[in-house]
Each structure stands twice: as structure tokens, then as C-alpha cells.
Amino acid sequence: MEIYTPFGASWISFLATVSFCLLILLHAYRVVTTKPPIPDDVPWVGRDPSKWFGQARARLASFRRMPEWLFEGYQKYRSKPFAISDPSGKPVIILPRSDIKWLLDFPDDIISTIELHYEVLAGAYAFTDSEMVKEPFQNHVIHRSLSRRVNGLTEEIWDEITAAIDESWGIDTEHWKDVHVYNTMMFTISRVSNRVFVGLPLCRKEEFLRPMRAFAQGVMFVAGLLHFVPSFLKPIIGHVLAIPNHFFYYRGARYTVPIIKERLANTERKEKDPSFRYRAPNDYITWHIQLARAEGRHQELAVDRIARRIMPINFAAIHTTTFVIVNALFDILCSPPIAVEAMPESNATERKEGVLCSRSAIAKLTFADSCIRESMRVSNFMTRELERKVIKKDGVRHPGGWVAPYGAVLAVDGHSIHHDPSIQGENAGEFDALRFHRSTEPIEQRDNALDKVLKRRQVGMVTTSDSFLAFGHGRHACPGRFFVAYELKLLLAYIAMHYEMEPPTERPKNTWFGTSVLPPMDATIRVRRRNDESRL
Ligand code: HEM
């Protein structure tokens, strides 16, 4: 007998559809009724608990109202924590600057960055292998090796900048050319980063770089969409959404796997036969192999494992650095001429020292250092910093007496701290290219070399503090920043030495999107290669 169902299909599909609808309803009910992990003593900004569906409404509003909420919370609560809704659906407790030490003093098994990344970046799916985020050996390699090895890499960095900028901005000294700043910087940064991760010639191969860039976007796509998927569907939808990321990995692995195999074989042969003439290149692959061997982490020596680890490193490096240099270029070019004049300081250094890639020559790029740090302060693309998740089962007690429960997300409002005149000084909301450089001046007049070095270090681009949080702060502060400092200072120097630039009439606007502030992605500038006579 034919049984009628509303869908004209069998009982099985009817039951499956009804169960699915019930699960969705159950999920919606849980979303509306579950109490967020925010203690009652912590006040909310941007959420009216008296309204129906207050949490869901605040979540939606958080896409566009984040800047005003951060401003309101910072003004109103200054030295007290407050809670704020988030586009991800998980509210965040924003701690005041005075709580930074308290937050950073907790060990990782009580308040964790890894667990936070695992949740926020959909670590179970987006990176193709959950181990990439759960057990981030690649971060350990970068922490241990990059800052120590970067000095030996300056010539490579300079060489790659030269090749990438000459190719993307051109070498025509006659005609002006419109260049797309975001695209050409993305091109340059992905090449320079991969010069340090995988070396030549792979770092110049677009067929390899394209999947590296696409993977980073893919991670953000999967993580962003999964925030809107009910938990019971995540294991299915998460894996489906991550399919392109697997594809990007395999596209990249076609090139990295043979290099890794050869590197492993040579390393082994050298160990067995010291007379074998082999010097491993100075890049991420070598550092990874050496550290895994030194620490007896045999599973990290699997070829596939090493190839996979190169993906999250690219994720951490490419877009972040591109955003920073795009902002820095527009901030410099669209501010009073002093900023632009500051850039060619590199010429004097270069003339004196021949090439600009010694450690001492880079240390002299103090104007460039100040310009980039100032741009990272005022135009930072991240608004929340030091995001951590409470993973102690019974939570952590705040000095204010309340308890942040298991699962609560804690963070600091870096945006407001970076724009606060009582912390940053006059015109805190404006780009002042030499703000940090000037702050070393009184000591320079006294001409005490040691004081000068110490003072410069305090305001140097890689120095984090509770008032400069663009690279985070504490033991999880970005370990890539030492490389970034070399890379971006040399890039600015190269551009200033070799190109005339016509600034846009006004600074193209950055765009708030949820908790991020994106740099201008469509803006162009006009450039012309200097001929030798016109070089400053
Ligand atoms: C201008 C570019 C960059 C910016 C603004 C930036 C910013 C950050 C920030 C804010 C954090 C979190 C710090 C914290 O929670 O306290 C971080 C972590 C990290 N960054 Fe960067 N980053 C940049 C470039 C890089 C590069 C080039 C690399 C690799 C070569 C890198 C590797 C990492 C790693 C491995 C971590 C995790 C550290 C840990 O959890 O211990 N970053 N970065």
C-alpha cells in the first residue's frame, strides 16, 4: 500500500526530515535559552537582557556595531571588565589594561591560546588535520628558530624583495604606472615569506604560492561559516566545507614533498657519513627537521606532517604581514611629507654600506621602524588582542571576586588602548610617523650610547608591552615579528630607494568587519622607477 507523506517520498526520508527539523528546533531552543559563560557580576555592553532573543540580536548587531561598543565599554568601564557579544556567537569578557599581567601569568593548562585557536579557527576541520592546531609543533619551530636564524637570512630577504617588487611594480623609468597596492604587496609578501619557509626556486612559483594564499582564505571561510552551523551538524558540514583546503594542501604538497624527502635523505646521509658534503639550507624545512630530531619527535619527521605544517605557517604569515604593509604604505604616503621623507633614510645607509642587508644597516632604519610601529598602533587590523580560553574545569577567579567559568573567552581591547591619548600621547587617533622615533630624542642629545640603544629597544617595532599589543604580549607574543621587522623595513627601504610615488589625495578608508579592520583592498597608487640620477 502506498503511504502518503507530505514529501511524496518514503517513510524513511519523511522520518529523516522530521528528525532533522526537530534537531534544528532543539538547537534554536538551546541557542536562545543557554546562558552564555559570562558571570552575572560582569556588565554587558551592546546587549539588552530585558529584550527577547537578546543574545541572538546582539550577535547579529555585533557585525556592524563593534566599534561603538568597544568605545562605549572602554569609556564606561575603563578599569573594569565588561562582556560583549561577538559575530561568532560566543561572547567575550573584555579585560581592562590593568588586568593584562593577571591574564598572562596563568599557565597554558588554565588559560589557553591553543584551545582558543582550536575553537575560533575551527581547528577540527579547517587545517585538514586537527593536529595542526591541537599540537602546533610549527609554532614551536618558529619560536625556537626564526628569531635566531633571521640574521643569516637578510641577503635572501633583500634579494626576494628586489625580484618581487621589480616584477610587480616594474622597472620602467620613463612612464608612471598604476599599481594595485594590496595585490602587489600580497604577491611580494607571499614570495618573501616562502623564501624563508621553503627557499628558492619554489618561493617564486605561482602554482605553489596560489594554494598557500587560498588556504589561508579557506581557513577563515570554514571557521566563519561554522560559527553559524549547529554543533551536531559541524562534524559533517565542517568536513564538507574544508574540502577545498585539502585540495589546496595537495596542490602545495606536490612541490614541497619532493624537497622534504630530499632534505630528510641528505640529513640522514650526512649523519651517517660526515664526509658527505652537504649544507642544509637555512629555511623552515631544515629548522623543523633539526628540531624534531633534536627533541626525538619522530612523528614530526613524517614527510606528510612536515608538508602540512607549512600551511598554518603561511596562514600566520601572509595576510597579517600584507595587511600591515598596505596600511603602513597608505599611512605614510597620505600623511605630511615628513613621513615620506623619513623613508629614504635608507639611501644614506645604503650608500655608506653598499648593501642594505647587514644587521647593523637594518638597525639604522630607525625612521622606518617608527613608521611601521606607528601604523600598527593606529591602523591595526586586529581590534581584540590576547584572546584566551579558560580551560580549568572550575574556572578562574578574577581579582574583582567573580569567577570566569570553564569555556569563557577573555581578551583585551587593543584597539582602544592603541587610541587612548592618556597612554599614547597627543593625537592618539592620528598617524604620526615619527612618534616613536621622537620619544628616543632627549636621550640621544645626552649622547649616551647605551641609553640610546635601550630606549630604542623599548619603542622598537618588535617590542610588545601593555600599550603596544599588535603582536600580542607575553610568552605567546608573535614569534614571527623579528622576521616581519626585517622584511618590512627592507621592503620600505627598497621602495623608497627605487620608486617615486604619487600619493592618493586622501587616505583610502579601512573597513570594520566584525572584530577586524580591513585595509583598503582596491586602492592603487602611481609609481615610477627612479633612474640613477633621480635617486635621493
Ligand atoms: C605583521 C605581521 C604579523 C602580525 C601583526 C602578527 C600578529 C600576531 C598576534 C597578535 C599573535 C597572537 C599573540 C598573542 O596571543 O599574544 C600572533 C601569534 C603567532 N604568530 Fe604572528 N603576526 C604576524 C606575522 C607572523 C609571521 C610572519 C609568522 C611566522 C613566520 C607568525 C607566526 C605566529 C605564530 C606561530 C603565532 C602563535 C604563537 C603562540 O601561540 O605561541 N606571525 N601573531
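The model is predicted: local features need pLDDT of at least 70, side-chain atom pairs count only at pLDDT 80 or more, and totals for chains, interfaces and linings use all residues. Residues are numbered from 1 along each chain as its sequence is written.

Cys478 sits in the loop between helix H22 (449-458) and helix H23 (481-498). Helices (H or I, at least four residues) and strands (E, at least two) are DSSP runs, numbered from the N terminus. Leaving aside residues up to four places away in sequence, Cys478 touches Phe471 and Gly472, where contact requires backbone-placed C-beta atoms within 7 Å. An unreviewed UniProt entry lists Cys478 under "binding site"; such annotations may be inferred rather than shown by experiment, positions follow the numbering used here, and feature names are shortened.

I turn now to the strands. Two strands pair if DSSP finds at least two bridges between them. Strand E13 (residues 524-529) pairs in the antiparallel sense with strand E5 (residues 177-180) over four bridges, and Val527 of E13 is the bridge partner of Lys177. Strand E10 (residues 499-502) also pairs with E13, antiparallel over four bridges; there Glu500 is bridged to Arg528.

Which strand is largely enclosed by the rest of the structure? Strand E6 (residues 384-390) is, because six of its seven residues are buried. E6 pairs antiparallel with strand E4 (residues 111-112) over two bridges, and with strand E9 (residues 409-413) over four.

Note on methods: A residue is buried if 20 or more other C-beta atoms lie within 10 Å of its own, exposed if 12 or fewer, and partly exposed in between; C-beta atoms are placed from the backbone. Two residues are in contact if their C-beta atoms, placed from the backbone, lie within 7 Å.
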